[in-house]
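Biologist: Could you take me through this model, giving the cut-off behind each term as you use it?

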Amino acid sequence: MEAATERHFFHHGASEPTGAKTSARALEKEKEHCHWCQIRSFPTNKQYPITIVNEVDNATIPSTFRFLQNSRLGAGVQAAEDSFRTGCECADAEECQYRGCLCLQEQDDDSDDEGPTRRKVYMYHMHGAKAGLLRSKFLKSKRPIYECHDGCACAENCPNRVVERGRKVPLQIFRTDKTGWGVRSLVDIKKGQFVDKYIGEIITPQEAQHRRAASSIAQRKDVYLFALDKFTDPDSPDVRLRGQPLEIDGEFMSGPTRFINHSCDPNLRIFARVGDHADKHIHDIAMFALRDIPKGEELTFDYVDGVSEEDDDAKKKSKQDDMVRCLCNSKNCRKFLW
């Protein structure tokens, strides 16, 4: 690792032929494929850096992997046209906690009804020490999160723009003893705090199946593919939500969350997050802390979030040979993923 770091910092492009133009091209090519340069280019790098350490072996992040700050749309995937986009018209951010806020009109809530527009349906604590943390009633659920966004009239500091404002946690990708790369936070994380999004290339279901088939181990590919199926409905008025969902592939391009390991007793949970309602088909996958997490503890989430079918299959010895074994060793370990 030290040799690779020295090569990067002091010898960018040095292996290429000399000459001003050639060296410049070599330098840019090396920077393009350099993980450190990719991370350093993020606007949040100084305040909330991503670091990579390996104190276990000589493994490095695959050279074919590229760090992204936001997901990319693959071939055949399109965001909604501007004519279909909407946003709330709340002049006061305090209004972005009531049903009257356009962004929250589809938000589920169990609160007592206070009227059609004055009913509070906000997901986050709005004031005090817990401001910005996901409320416990939502943290225990699997409900989608609806947020205000850059198409809204409310201010950027609107309390209903937590995921919109991005990651506020410095993360470290580190080499574990038994499960390859893992991720930990360099600061304490509070219960209900937003950690980061799972990002990658958003691809069509046909392309996802093609990549599974092309992978030498199809089950391994499933570790990196996330179906954006939270709003899939054959009767949806939105034709994009009626068929097979799009998927996020984070194997070769993603953020630090791509390296978060599975646990049957996780400290994070994933939620579907919607900004502009016209883009439900490409909604975000946001990760929130299920409990207080001290700095240095490995971050984990349940890759299948307790899906019962996998539990049933794991009990059948005839199917275990074809299943992916779980290595989390938690008290509640299901022994197999899928």
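Modeller: A salt bridge here is a side-chain nitrogen of Lys or Arg within 4 Å of a carboxyl oxygen of Asp or Glu. The model is predicted, so local features need pLDDT of at least 70 and side-chain atom pairs count only at pLDDT 80 or more, while totals for chains, interfaces and linings use all residues. Residues are numbered from 1 along each chain as its sequence is written, and side-chain values use heavy atoms, with hydrogens and water left out.

Biologist: How far apart are the closest N and O atoms of R273 and D284?

Modeller: R273 lies in strand β13 (residues 268-274) and D284 in strand β14 (residues 284-289), so the pair links distant parts of the chain, 11 residues apart, where strands (E, at least two residues) and helices (H or I, at least four) are DSSP runs numbered from the N terminus. Both R273 and D284 are buried, which means under 20% relative accessible area, with exposed being over 50% and partly exposed in between (1.4 Å probe, protein chains only). The two residues form a salt bridge in which the closest N and O atoms are separated by 2.9 Å.

Biologist: Which residues are linked with R273 and D284 in a network of salt bridges?

Modeller: The structure holds 16 salt bridges. The network that includes R273 and D284 also links E147, E164 and K197.

Biologist: Is D82, which meets R85 in a salt bridge, buried or exposed?

Modeller: The side chains of D82 and R85 meet at 3.8 Å, N to O. R85 counts as partly exposed because its relative accessibility is 31%. For D82 the relative accessibility is 65%, and D82 therefore counts as exposed.

Biologist: What angle does the direction of helix α5 make with that of β8?

Modeller: Four strands form a second open sheet in the order β3-β8-β10-β9, again with mixed pairing; within this sheet, β3 and strand β8 (residues 201-203) pair in the parallel sense over two bridges, and the bridge partner of L73 in β8 is I202. Helix α5 (residues 205-214) packs on the sheet and touches β8, β9 and β10 (247-249), contact being heavy atoms within 4.5 Å. With axes taken as lines fitted to C-alpha atoms, for helices over the stretch in contact, and angles running from 0 to 180 degrees between N-to-C directions, the value for α5 and β8 is about 105°.

Notes: Pairing = 2+ DSSP bridges.
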